[in-house]
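Hi,

Here is the structure I promised to pass on.

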Amino acid sequence: MIKQLEITPNTESLFGTRDENLHLLEGGLNVSIDLRSDHVHIEGAARDVARAEQVFADYEHLRKSGYAFHNGDLGSMLRIVISDPSASLRGLAEAGRQRSFGKRIVQPKSLNQRRYIEAIEKNDMIFGIGPAGTGKTYLAVAMAISALVNKQVNRIILARPAVEAGERLGFLPGTLQEKVDPYLRPLYDALYELLDQERVDRYLERNVIEIAPIAFMRGRTLSDSFIILDEAQNTTSEQMKMFVTRLGFNSKAVITGDITQIDLPNARRSGLIEAAEVLKGVNGISFNFFDECDVVRHQLVQRIIRAYDDHKQRQEQQLSLLPATPAPEPLVEGRTAPPILEQ
């Protein structure tokens, strides 16, 4: 099937730098797109051509309604449309515009990020597990701000384990807040990017936004709150159980972590790994997993994560090929162990 579409003024911005978005559509939708002077030829199976045509129609509608794409949002949305046949460019853009995230419009940049946002909207406890740079914490903070701005909750509570400090926290200079701030800095960064600094400072002063180590959660019932536990891979089993049982009425909890970067001592098991096993069948809890394809940082980060994963797999394969070490012979009563010969 061949479809001819007229190129209207300013539609060229859909094509992307060096027609990268058209190449993306060609590869993802299995169509051939031929640019002419005043129109576009789309050739392929009828259903694939119809999906490509819908992308052009949605872009034209958004352009006429004054919608502006920023920071690579268009390419990210096109990847979601390609990955999910039920998604549309117009639907993704308008869904993002309907959410209020303070001074920014936050768009999911991958299919897993979209599912993560939808899970946060539908569930009261959400786990986001995956490598660095996949937007787990940033999107959770954005959804928390949206809930606060829209008066769905009365406060935001952001928690993190301060594993590196441990009992040495008291030896750091400054007040208690100054001692723990370095471990909570990524949460501050996300807040200041999404809200005006004066507003964030006012919320912090009034305790509308509370940032604290996870130890401060013990014994509390957190109602009318949006609670985020970041770096959850560094919680112990006891800490995780304590945290997930803090949830009060009209509250939502998002727990994020990267199980490949656990800083706990070897003798202690990560509470995040245990929670993923224990709570996977509990109704109302959603588990969302990310991989290197969801990384929204520099493209080099994707390649670094993939390289580490490949290296880990090679090591596991090499270990599996090593001969098993024979177990020592048990001592029989009346026999002595063989003497150790000195060299």
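Below is what turned up, starting with the whole protein and then going through particular spots.

A word on ground rules: this is a predicted model, so local features need pLDDT of at least 70 and side-chain atom pairs count only at pLDDT 80 or more, while totals for chains, interfaces and linings use all residues. Residues are numbered from 1 along each chain as its sequence is written, and side-chain values use heavy atoms, with hydrogens and water left out.

**The whole protein**

The protein has 11 helices and nine strands; these are DSSP runs numbered from the N terminus, with helices being H or I of at least four residues and strands being E of at least two. Of its 343 residues, 44% count as buried. Buried here means under 20% relative accessible area, exposed means over 50%, and partly exposed is in between (1.4 Å probe, protein chains only). The accessible surface comes to about 19900 Å², and 50% of that belongs to carbon and sulfur atoms. Those areas come from the Shrake-Rupley method with a 1.4 Å probe, and for residues only the protein chains shown count as cover. Among contacts (heavy atoms within 4.5 Å) with a separation of 6 or more, 71% are between residues 24 or more positions apart.

**Two helices side by side**

Take a look at helix α1 (residues 20-29) and helix α3 (residues 73-83): their axes come within 10 Å and cross at roughly 10°. That makes α1 roughly parallel to α3, since angles under 35 degrees count as roughly parallel, over 145 as roughly antiparallel, 65 to 115 as roughly perpendicular and the rest as oblique. On the α1 side the contact is made by N21, L24, L25, G28 and L29, and on the α3 side by L74, G75, L78, R79 and I82. The axes are lines fitted to C-alpha atoms, for helices over the stretch in contact, and the angles run from 0 to 180 degrees between N-to-C directions.

Helix α3 also holds D73, which counts as buried because its relative accessibility is 10%. Not counting residues up to four places away in sequence, D73 touches Q107 and K109. D73 and P108 are 35 residues apart in sequence, yet 8.2 Å apart in space, C-alpha to C-alpha.

**Salt bridges**

Side chains of opposite charge can pair when their charged atoms come close. Searching the whole structure gives nine salt bridges, each being a side-chain nitrogen of Lys or Arg within 4 Å of a carboxyl oxygen of Asp or Glu. Here are some of them.

- K3 and E53 meet at 3.8 Å, N to O. K3 sits in strand β1 (residues 2-6) and E53 in helix α2 (residues 46-64), so the pair links parts of the chain 50 residues apart. K3 is partly exposed, at 28% relative accessible area, and E53 is partly exposed too, at 26%.
- R114 and D84 meet at 2.6 Å, N to O. This pair spans 30 residues, with R114 in helix α5 (residues 111-122) and D84 in the loop between α3 and α4 (89-98). Both R114 and D84 are buried; for R114 the relative accessibility is 17%. Leaving aside neighbours within four places in sequence, R114 is in contact with I80, D84, S86, A87, L92 and P108.
- R269 and E277 meet at 3.0 Å, N to O. R269 is partly exposed at 44%, and E277 is partly exposed at 43%.
- E60, R63 and K64 are linked in a network of salt bridges.

Most residues other than glycine have a negative phi. Which residues go the other way? E231 has a positive phi of about 55° although it is not a glycine, and N250 likewise has a positive phi of about 55° without being a glycine. E231 is in the loop between β7 (225-229) and α9 (237-244), and N250 is in the loop between α9 and β8 (252-257). E231 counts as partly exposed at 26% relative accessibility, as does N250 at 49%.

**A nonpolar patch**

Last one: L300, I304 and Y308 form a nonpolar patch on the surface, with about 320 Å² of accessible area together. Patches are made of residues with over 30% relative accessible area and no salt bridge, with like charges joined within 9 Å and nonpolar side chains (Val, Leu, Ile, Met, Phe, Trp, Tyr) within 5 Å. L300 belongs to helix α11 (residues 299-321) and is partly exposed, with a relative accessible area of 42%.

Cheers
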